[in-house]
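Work through the following exercises with the sequence and the model in view, and try each task before reading its solution.

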Amino acid sequence: MLDVKNLQVYYGVIAAVRRIDMHIDPNTIVTLIGSNGAGKTSTLNAIVNAVKKKGQVVFDGRDISRHPTHRIVKEGLSLVPEGRRVFINLTVDENLRMGAFNNDENFERLRGEMYELFPRLAGKKQQLAGTLSGGEQQMLAIARALMSEPKMLMLDEPSLGLAPKIVGEVFEIITELKKRITILLIEQNAFAALKIADYGYVLENGSISLEDKASALLGNDDVRKKYLGG
Amino acid sequence: MDFATFLQQLVNGASLGSMYALIAIGYTMVYGVLRLINFAHGDIMMVGAFLTYMATAAGLPFSLAVLIGILGSVIVGVLTDKIAYKPLRNAPKISLLITAIGISFFLENLFNVIFGGVPKAFSAPDYLTKVLHLGEIYLPVTVIIIPVVTVLILGGVLWVLYRTKYGMAIRALAFDIPTVKLMGVDADRIISIVFALGSALAAVGGVFYAVSYPSIDPLMGVIVGLKAFAAAVLGGIGSVTGAVIGGFILGFTEIFVVALFPELGGYKDAFAFFFLILVLLFRPTGIMGEDLERSRF
């Protein structure tokens, strides 16, 4: 579904991503784990061309390396950005409407589906998104990204700053989504991510230091020491 | 001041305020999405007035001429963004501001070269220059038409912003441009819509100005533009309703200062800015302005 070849991101002379090669099969959950500053967010932003990059990105058989961000999203690759970034000055309903900007004909149906998938949002349709709790904002951000009916969803640290109970809910929903779409999940919470993922990449200092089946990574001593707290 | 004079000045103030309001909406909307004070905006109003003048001089009917003025302003406004501002989207805001001042000088001088600096008489059709006598009050038809059209336009702008998909995108853009792109929306297209809308309103303001004063010159946009900017700040920059309120306040202030203290007539512009300073001292975000970082129109 997604192939990344020799991806590099530089901010001036500083390398955020030195070299990344990734392959993601359809209808799988792949996770990219790594500590703070390893280059996880830069990788996702580079894939959708929200930052300058070098390298090749092939999505669904098409080379999207040079496509502008909005076009990549239209082509079916959606990103739930770090820090949720819901439109706090818009209502919950309007946020969903923004997500379906190029999907007018299916808006009503998808909105219904989203309120079923995220019942916490259903009671707050006309509320400004800025008044939602962190967990609700995360759910709204995911729902908003799904409104374009993407073939693949990339999630940047969905558990960041959320209460453990809510993290559980969010991860349950992500597992549920696997039935329909491909998912690339970035997490600091490596244990939770590897538990629901099929395959994992470990990012260190801007390059992949290790990759394997998620179950194998969970058992890997090196990974356990560095990312799973022993 | 007797009641008749008061009424007379009230309509005059509403008419002048409307012109400021129409131009202020453009300032405030562009600021809302780009955090740019588009100093060339006053000159877009001049462009609108001049193109309308040219079209009438060429013998076209007035309504068609106004349409040409509006369309021409929209094209100039959108091109300004595409050519001058778009390459600077990621540059420091001060570069953008200096560029805007450059565009302003460019437009003023371009029209000066083409048309010369001598003010031109603007001839409006008879139905706009008629004056109604209501008892002791003299009401030029324009003085009634201008505020009515302005309020209708404000309603239209608010309808676009709050009831249409593109208006929603403009509001979202004001908060977070990168995330709007993640919705599959071409942010630059939405920004063009903002410039088009603002320029169209400025052109209408320019035509109103030309009809009311009836003379135009290439520098007509400078002081009117500055006062419209003051109106936008007064009302709370980033707020469309605020821009209109600010415009009307400025219009009324100017007219009533002259009416009450005729000997201070020469200082009427100073009063507009004095009023601005006063409001900003007590309410730095302007009348309708909230947190500047969360402008909501």
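Predicted model: local features only at pLDDT ≥ 70, side-chain atom pairs only at ≥ 80, totals over all residues.

**Exercise 1.** Work out what span helix H6 of chain B should have, and find what its buried residues pack against.

*Solution.* Helix H6 of chain B, residues 141-163, has 23 residues. The expected span is 1.5 Å times one less than the number of residues, so this helix should span 33 Å, and the 32 Å between its end C-alpha atoms agrees with that. Its buried residues are B:Val143, B:Ile146, B:Pro147, B:Thr150, B:Leu154, B:Val157 and B:Leu161. In an α-helix there are 3.6 residues a turn, so residues three or four places apart point the same way. The buried residues of H6(B) pack against helix H1 (3-34), strand S3 (137-140), H7, H9 and helix H11 (240-260) of chain B.

**Exercise 2.** Describe the overall build of chain B and ask whether its radius of gyration agrees or disagrees with that of a compact globule.

*Solution.* Begin with the secondary structure of chain B, which consists of 12 helices and four strands. The C-alpha trace spans about 60 × 50 × 35 Å along its principal axes. For 297 residues a compact globule would have a radius of gyration near 19 Å, and the 19 Å of chain B agrees. Buried residues account for 48% of the chain.

**Exercise 3.** Find how many residues of chain B are in contact with chain A, and which elements supply them.

*Solution.* On the side of chain B, 17 residues are in contact with 19 residues of chain A. The elements of chain B that give two or more residues to this side are helix H7 (165-175) and helix H8 (177-181), and the largest share, six residues, comes from H7(B). Sorted by class, this side of chain B has eight nonpolar, two polar and seven charged residues.

Definitions and conventions:
Residues numbered from 1 in each chain as written. Chains lettered and ligands numbered in written order. Contact = placed C-beta atoms within 7 Å. Nonpolar A, V, L, I, M, F, W, Y, C, P; charged D, E, K, R; others polar. Rg over C-alpha atoms; globule rule 2.2 N^0.38 Å. Buried ≥ 20, exposed ≤ 12 C-beta atoms within 10 Å, placed from the backbone.
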